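Please read the points below alongside the sequence and the model.

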Amino acid sequence: MKQLQIVVLLICLVACSPSDGEIYNTAKTAEKEQNVQLQFESYKTIVNEFPNSQYHAEALFQLGFISNNYTKNFEDAKKYYREFIKKYPQHELADDAEVELQYIGVPIDNLPFLNGSIATESEQKEDVQAK
């Protein structure tokens, strides 16, 4: 009888567990609703429980972004950005992660390459390289 209960429990856990896509959708909905805590926890779940997910790279980047820009946990932001760059050096967000890492803790209004106007990508890279 006890074995049957364990089997039923395991089936329920597998059947009841949300997929990475469902968790990603929760994160995106939380972003629209400005629920930073739920957004962070959703992305963290994807990173920790779905390492091979198609959403893993974006989730890892978003953990860095949220840590830097919302929760102001700069050490975690550095950790997440460095891990992102290491795992996904060719990803379309890799350059953004490099820039974010260079300016951890600097408010967006104080970023030197924005200076009142949107800088070109080459100007941003030149500014980062100059630092």
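1. A search of the whole structure finds five salt bridges, a salt bridge being a side-chain nitrogen of Lys or Arg within 4 Å of a carboxyl oxygen of Asp or Glu. This is a predicted model, in which local features need pLDDT of at least 70 and side-chain atom pairs count only at pLDDT 80 or more, while totals for chains, interfaces and linings use all residues. Residues are numbered from 1 along each chain as its sequence is written, and side-chain values use heavy atoms, without hydrogens and water.

2. One of the salt bridges joins glutamate 58 to lysine 28, with the closest N and O atoms 3.0 Å apart. Because glutamate 58 lies in helix 4 and lysine 28 in helix 2, the pair ties together parts 30 residues apart in sequence. Helices here are DSSP runs (H or I, at least four residues), numbered from the N terminus.

3. Within helix 5, glutamate 83 and lysine 87 lie four residues apart, about one turn of the helix. Their side chains meet in a salt bridge (3.1 Å, N to O). Lysine 87 is partly exposed, at a relative accessible area of 45%; partly exposed falls between buried (under 20%) and exposed (over 50%), using a 1.4 Å probe and protein chains only. Salt bridges with shared partners also join Lys28, Glu31 and Glu58 into one network.

4. The largest nonpolar core has 23 residues, and among those touching the most other members are Tyr43, Ile46 and Phe61. Such a core is a set of buried Ala, Val, Leu, Ile, Met, Phe, Trp, Tyr and Cys residues joined through side-chain atoms within 4.5 Å. Its largest share, six residues, comes from helix 4.

Note on methods
Helix = DSSP H or I, 4+ residues; strand = E, 2+ residues; numbered from the N terminus.
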